[in-house]
Amino acid sequence: MTTSRPVDLRGVLDNDLCIACGACVAADPSIELRLHPEKLMFEPSHPGNQAAADVCPAVGVDFDRLQDYLFPGAEPTAYGVVHSVMLAQSTDRDRNLKASSGGMIKELLVDLLSRDDVDGAIVLQHVDGLEFRPGLITEVAEVDRLPGSIYHNLPKDRALQLLRENQGRYVLAAIPCELEGIYNYVMKCEPHLRQRIHTTIGLLCGWQYNWHSIRAICQFKGVDPDRVVDVSYRGDGPIGKLRIWTDDGNEVSTSRRLDFGYQVAFDRTFNTPRCHLCINHANFLADIVVGDAWLASTLGTKTGVSLVINRREDSDTLVRSLADRGRVVFTEVSVNEIRESQKPSIAFGNFAYAYADYLDELGLHRPRMDGPNKPAARPVERREVATFHTELRRKIELQRARRYRLLFWRKATREFGRYVARYWDWFRHRVLRAGRDPDSTPAATRATTSIFR
Ligand SMILES: Cc1cc2nc3c(=O)[nH]c(=O)nc-3n(C[C@H](O)[C@H](O)[C@H](O)COP(=O)(O)OP(=O)(O)OC[C@H]3O[C@@H](n4cnc5c(N)ncnc54)[C@H](O)[C@@H]3O)c2cc1C
Ligand code: SF4
Ligand code: SF4
């Protein structure tokens, strides 16, 4: 293993570790992000130069330094800097129903866009078909036209480009690794851009998928992926259906939790590989983080509820003021609800830290990053990551050969036991609340969450 400073992005490209944040494009303008024809994920057109490697979050992220830079003087917990944690939901039923969780991102955007000191918001917008990319919105009316969560890998270079091109102050809504790239670049290359970022609304993020996922589900459902005009992964309830629209006006929808084809196409081996090494699912760099409140106490709600992590007093005040104006309802909960709703492996990186060590043993490139959660992590056994790695490489080969049907039959036969075990694991964690920290403060109860729809 080499720990010397990489001179370009070769290690990232050779190990499929790009997450398409776009920081390298700003640092080395000769780079373009392209959808790789076999990997079906976005990555740089070529390895670029030292400047590109220096800002790339697939090369490294210095969380200590970035947290000092963004939250000077604050003491990070295992969940990052935390001012308060809430469960919250928009009181606008339509907005809540269309949203991926409680509709909180859109409520926050509407409010922030109405302020005099905010010039716009840089947010993911639909372009065409399966293409989505960051765009600049300045009007409140544009907020409800934004998509819900888009789970396939997307090029994000336009977010930094918009920030560099426009004077003013902007709200940025972004997944964790997108903010890692943006702040790596801002801190190292153009610190004056920091002033242009008014507020960051971070999404909590468990994983994203390469485009083989959507092609596989299209094949299982008899849809031509080249005729897709739009896609929606969430909405119409806490979990929501995957819906795909084609240019002949047809809509195909499928249950994200119950459809076996969905479980095959959105298996974790379809994730962009850096997601397996991600330790920042809770978006340590965002001012306010919104995720799903996957809790036993919210199992019975008919529409989604958001888990909100306020990393600053300002964002806590913002949610309270939205509640005072009747735009949202919320209940404050303990920091432990982050772990409860996301599972310890996501919150603390139990798998990711062990996998990083394993890649070091193999002498393979991997991002250098230790988060504030590392002391709380209980890395899984070496055997588990070794088995995973072998299976991942095999399945990636099958994906790239577009042998989606073979992957379907593999899951239905030799992997079926593990598939059932995953549901049991979900049931134990979510419903029986196994693995709960016995020393933790009391969790949200059905009484405290009865304010939600
Ligand atoms: C790839 C991905 C993985 C996620 N994984 C988890 C998870 O494991 N656990 C969890 O609790 N929550 C996860 N989330 C967050 C969750 O799905 C909701 O996005 C979040 O709770 C906000 O819900 P909302 O109802 O407030 O947002 P909505 O009203 O649905 O608004 C979504 C907003 O996010 C923006 N957006 C959508 N997709 C992206 C994207 N790919 N990149 C950047 N911006 C985007 C849209 O422009 C819109 O502004 C994930 C989201 C994404 C995009
Ligand atoms: S992760 Fe970001 S900076 Fe690194 S190669 Fe990919 S787009 Fe470029
Ligand atoms: S899991 Fe981590 S690496 Fe993967 S998309 Fe989410 S933030 Fe990025």
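Predicted model: local features only at pLDDT ≥ 70, side-chain atom pairs only at ≥ 80, totals over all residues.
**Ligand 1.** I count 31 residues around ligand 1, and the nearest are Ala99, Ser101, Gly206, Gly291 and Asp292. Next I looked up which elements build the shell. By class I get 17 nonpolar, 12 polar and 2 charged residues for the shell around ligand 1.

**Ligand 2.** Which residues are closest here? I find Cys18, Cys21, Ala23, Cys24 and Cys56, out of 17 that surround ligand 2. The elements with two or more residues in this shell are α2 and β2 (42–44). I sorted the shell by class and got 14 nonpolar, 2 polar and 1 charged.

**The loop between α1 and α2.** I checked the backbone angles here. Most residues other than glycine have a negative phi. Asp16 is not a glycine, yet I read a positive phi of about 60 degrees for it. Asp16 sits in the loop between α1 (10–14) and α2 (23–27). Ala20 lies in the loop between α1 and α2 as well, and Ala20 has a positive phi of about 65 degrees, again without being a glycine.

Buried or partly exposed: which is Asp16? I find 16 C-beta neighbours inside 10 Å, so Asp16 counts as partly exposed. For Ala20 I find 26 C-beta neighbours inside 10 Å, and therefore Ala20 counts as buried. The cut-off I used for buried is 20 or more.

**Ligand 3.** I noted 13 residues around ligand 3, with Pro176, Cys177, Cys205, Cys275 and Cys278 the closest. The shell around ligand 3 splits into 8 nonpolar, 4 polar and 1 charged.

**The sheet.** I traced an open sheet of 8 strands with mixed pairing, and wrote its order down as β5-β4-β6-β7-β11-β12-β3-β13. At the edges I have β5 (131–137) and β13 (328–333), each pairing on one side only. Ignoring direction, neighbouring strands of this sheet are turned by 30 degrees against each other on average.

Then I zoomed in on β13. How many bridges join β3 to β13? I count 6, and β3 (residues 84–90) and β13 run antiparallel. Met86 is found opposite Glu332 in β13.

Last, I looked at what lies across these strands. Helix α11 (residues 313–324) lies across β3, β11, β12 (306–310) and β13. I get an angle of about 135 degrees between α11 and β13.

How values were computed. Residues numbered from 1 in each chain as written. Chains lettered and ligands numbered in written order. Near = placed C-beta within 6 Å. Nonpolar A, V, L, I, M, F, W, Y, C, P; charged D, E, K, R; others polar. Helix = DSSP H or I, 4+ residues; strand = E, 2+ residues; numbered from the N terminus. Buried ≥ 20, exposed ≤ 12 C-beta atoms within 10 Å, placed from the backbone. Pairing = 2+ DSSP bridges. Axes fitted to C-alpha atoms, helices over the stretch in contact; angles between N-to-C directions. Contact = placed C-beta atoms within 7 Å.
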